Amino acid sequence: MTYGYCRISKPTQSIERQVRNIKESDDTAKLIKEAYTGTTQERPAWLKLRKVLKPGDTVIFDSVSRMSRNATEGFREYQELFESGINLVFLKERHIDTDTYKTALKSGIEMTGNQIADIYIEATNRVLMILAKQQIELAFLQAEKEVEDLHQRTSEGMKTAKLAGKQIGRPAGAIVVTKKSIHAKAVIIQHSRDFGGTLNDPDVIKLIGNISRNSYYKYKRELRQNK
């Protein structure tokens, strides 16, 4: 059985991009969706899915961060699923798919029967296994770092916006801070190409959800002014 796991951190975020990417990869995948932070393993839909997974089943993720953004827990869970015979596919990090990992572990050099040569071969094979594991650990560490950076950038952006908008009488051009604007600016800072992200304006607008184009471009102007 093939499953596609999609996760967003907040109900206000859009999950459609993940759904589209997984369906393009395998349109037979049974989709599992939930809105829950990725820094904890206490995710109801994910825990329910884990209970029904059987050896030979496949789980497709849009990226490693959808599985977990906690490096230690994510790598531990990867190993547990791998050892249980579950296939894991990460569309944005195909180099750590379980199939790739299996290939790396099986690509060791065969022993020759020569004692000295076999010592070197055994050491080489161990290095290959260590490198394969490090690639997986690195992917989860990167996902954890991204969420830490987002929290820091969001906090700094909120502070900057509040300071810029804290003016008595709201003079012309004053920036008004609302929950909506804080959320929108945090998404823009993380995902917009103009701020180091990877998405264009239409995609960022979809990701924010429930925002007019005028408001979106106004928030972008305000962020540029405060850079």
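**How the helices and confidence values read**

Author: This predicted model has nine helices and four strands in the protein chain. Along the sequence they follow the pattern β-α-β-α-β-α-α-β-α-α-α-α-α.

Reader: Why is H8 called roughly perpendicular to H9?

Author: The axes of helix H8 (residues 201-208) and helix H9 (residues 213-225) cross at roughly 105°. Angles of 65 to 115 degrees count as roughly perpendicular, so H8 is roughly perpendicular to H9. Their axes come within 11 Å.

Reader: What makes the contact of H8 with H9?

Author: H8 supplies Asp201, Val204, Ile205 and Ile208. H9 supplies Arg213, Tyr216, Tyr217 and Lys220. Five of these residues are nonpolar, none is polar and three are charged. Tyr counts as nonpolar here.

Reader: Which elements have the lowest and the highest mean pLDDT?

Author: Helix H6 (residues 115-165) has the lowest, at 60. Strand E3 (residues 58-61) has the highest, at 96. Over residues 166-170 the pLDDT is below 50. Beyond near neighbours in sequence, that stretch has one contact in the model. Where pLDDT is low, predicted coordinates should not be read in detail.

Reader: What is the mean pLDDT of the protein chain?

Author: The mean is 77, and 66% of the residues reach 70 or more.

Reader: How many of the residues count as buried, and what does that take?

Author: Buried means under 20% relative accessible area. Of the 227 residues, 40% count as buried. The accessible surface of the chain comes to about 13400 Å², and carbon and sulfur atoms hold 53% of that surface.

Technical notes
Residues are numbered from 1 along each chain as its sequence is written. This is a predicted model: local features need pLDDT of at least 70, side-chain atom pairs count only at pLDDT 80 or more; totals for chains, interfaces and linings use all residues. Side-chain values use heavy atoms; hydrogens and water are left out. pLDDT is the predictor's confidence in each residue, from 0 to 100. Helices (H or I, at least four residues) and strands (E, at least two) are DSSP runs, numbered from the N terminus. Contact means heavy atoms within 4.5 Å. Axes are lines fitted to C-alpha atoms, for helices over the stretch in contact, and angles run from 0 to 180 degrees between N-to-C directions. Angles under 35 degrees count as roughly parallel, over 145 as roughly antiparallel, 65 to 115 as roughly perpendicular and the rest as oblique. Buried means under 20% relative accessible area, exposed over 50%, partly exposed in between (1.4 Å probe, protein chains only). Accessible areas come from the Shrake-Rupley method with a 1.4 Å probe; for residues, only the protein chains shown count as cover.
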